[in-house]
Amino acid sequence: MKKLVLILLSVLMVFSLASCKKRIEPTPTNNGTLVVSDQKSRFTIEIPDTWIQLVETGDIVLHVTAPEQDKAFTTQVTVSIQAADDNLYSTEKEEFQTAYRLTIPDVEITEFKTTTMAGEKAIYLVAEYNTSNHDYIMRQYIFNSGANCFYISMTSAAEFDAQYQEDFNTILESFKVS
């Protein structure tokens with residue numbers, strides 16, 4: 001049950017934007033990126049300088065969006081943090097599926113595997129769903145590091161997923177836990 005609650009919390013963090021917090025100020029680089037450093041959560045990440053950083057919301061400590069694509073939906077990358085989950089790596093795909101369906105009834109996890117992220121063992125999943133007659137794809141890495149459990153997600157309208165996959169990979173490669 002604890003796993004189901006933690007999974008549900010991760011879904012709510014990604015798909016809802018609640019109480020606003022302050023924005024993390026990025027530092028420009030010479031290579032077309034911005035470095036975002038969160039000293040409290042002890043991570044740094046680089047984002048393309050054309051992406052827009054939004055205010056923090058709830059457990060989401062970083063929320064950035066791709067340049068405007070259309071008025072319906074913009075590709076977004078979020079970094080969320082919770083307390084480390086001792087049971088994370090024993091959580092099965094079906095448990096994630098059940099938790100995600102509590103907020104998005106037709107969501108389907110189409111890929112689920114164990115990998116690495118920032119030098120840590122991680123879960124990688126791809127979830128596909130339809131909302132308001134639009135198809136969406138969410139790619140998410142979930143991993144424990146120290147006392148934190150990090151959730152790094154990219155959500156796109158399906159037609160923009162491939163277009164921003166390279167940006168997401170570059171963002172992921174830059175993620176460092178200090």
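This is a predicted model: local features need pLDDT of at least 70, side-chain atom pairs count only at pLDDT 80 or more; totals for chains, interfaces and linings use all residues.
Strand β9 covers residues 134–145 and runs antiparallel to β8. Nine bridges join β8 and β9. Within this pair, Ile 123 stands opposite Ile 142 in β9.

The hairpin of β7 and β8 also has two residues between its strands. Here Ala 118 takes a positive phi, near 55°. Strand β7 spans residues 108–117, and β8 spans residues 120–131. They pair in the antiparallel sense over nine bridges. Glu 111 stands opposite Val 126 in β8.

## The seven-stranded sheet

These strands belong to an open sheet of seven, with antiparallel pairing. The order is β4-β5-β6-β10-β9-β8-β7. The edge strands are β4 (52–54) and β7, each pairing on one side only. Direction ignored, neighbouring strands of this sheet are turned by 20° against each other on average.

Leu 54 stands opposite His 63 in β5. Helix α2 (residues 93–101) lies across β7, β8 and β9. The helix α2 runs at about 125° to β7.

Gln 76 lies in strand β6, residues 76–83. Is Gln 76 buried or exposed? Gln 76 counts as buried because its relative accessibility is 15%, and the cut-off for buried is under 20%. Its side chain makes a polar contact of 2.5 Å with the side chain of His 63. Beyond residues up to four places away in sequence, Gln 76 touches His 63, Val 64, Thr 65, Ser 153, Met 154 and Thr 155.

Met 154 is found in strand β10. Met 154 is buried, with a relative accessible area of 0%. Leaving aside neighbours within four places in sequence, Met 154 is in contact with Thr 75, Gln 76, Val 77, Ile 137, Met 138 and Arg 139, among others. Its contacts also include Asp 161, Tyr 164, Gln 165 and Phe 168. Met 154 and Val 79 are 75 residues apart in sequence. In space, C-alpha to C-alpha, Met 154 and Val 79 are 9.2 Å apart.

## Helix α3

Helix α3 covers residues 158–174. At 1.5 Å a residue, its 17 residues should span 24 Å. The end C-alpha atoms are 24 Å apart, which agrees. A kink of about 55° is centred on Tyr 164.

The buried residues of α3 are Phe 160, Asp 161, Tyr 164, Gln 165, Phe 168, Ile 171, Leu 172 and Ser 174. An α-helix has 3.6 residues a turn, so residues three or four places apart point the same way. The buried residues of α3 pack against β3, β6, β7, β9, β10 (148–157) and β11. Helix α3 lies across β6, β7, β9 and β10, running at about 145° to β10. Helix α3 also lies across β3 and β11, at about 155° to β3.

## The four-stranded sheet

Strands β3 and β11 belong to an open sheet of four strands. The order is β1-β2-β3-β11, with antiparallel pairing. The edge strands, each pairing on one side only, are β1 (27–28) and β11 (176–177).

Strand β2 (residues 33–38) pairs with β3 (residues 43–48) in the antiparallel sense over six bridges. Val 36 has Ile 45 in β3 as its bridge partner.

Definitions and conventions
Residues are numbered from 1 along each chain as its sequence is written. Side-chain values use heavy atoms; hydrogens and water are left out. Two strands pair if DSSP finds at least two bridges between them. Contact means heavy atoms within 4.5 Å. Axes are lines fitted to C-alpha atoms, for helices over the stretch in contact, and angles run from 0 to 180 degrees between N-to-C directions. Buried means under 20% relative accessible area, exposed over 50%, partly exposed in between (1.4 Å probe, protein chains only). A polar contact is a pair of N or O atoms within 3.5 Å; within protein, one must be able to donate a hydrogen and the other to accept it, and residues adjacent in sequence count only if both atoms are side-chain atoms. The expected span of a helix is 1.5 Å times one less than its number of residues. The bend at a residue is the angle between axes fitted to the seven residues ending there and the seven starting there.
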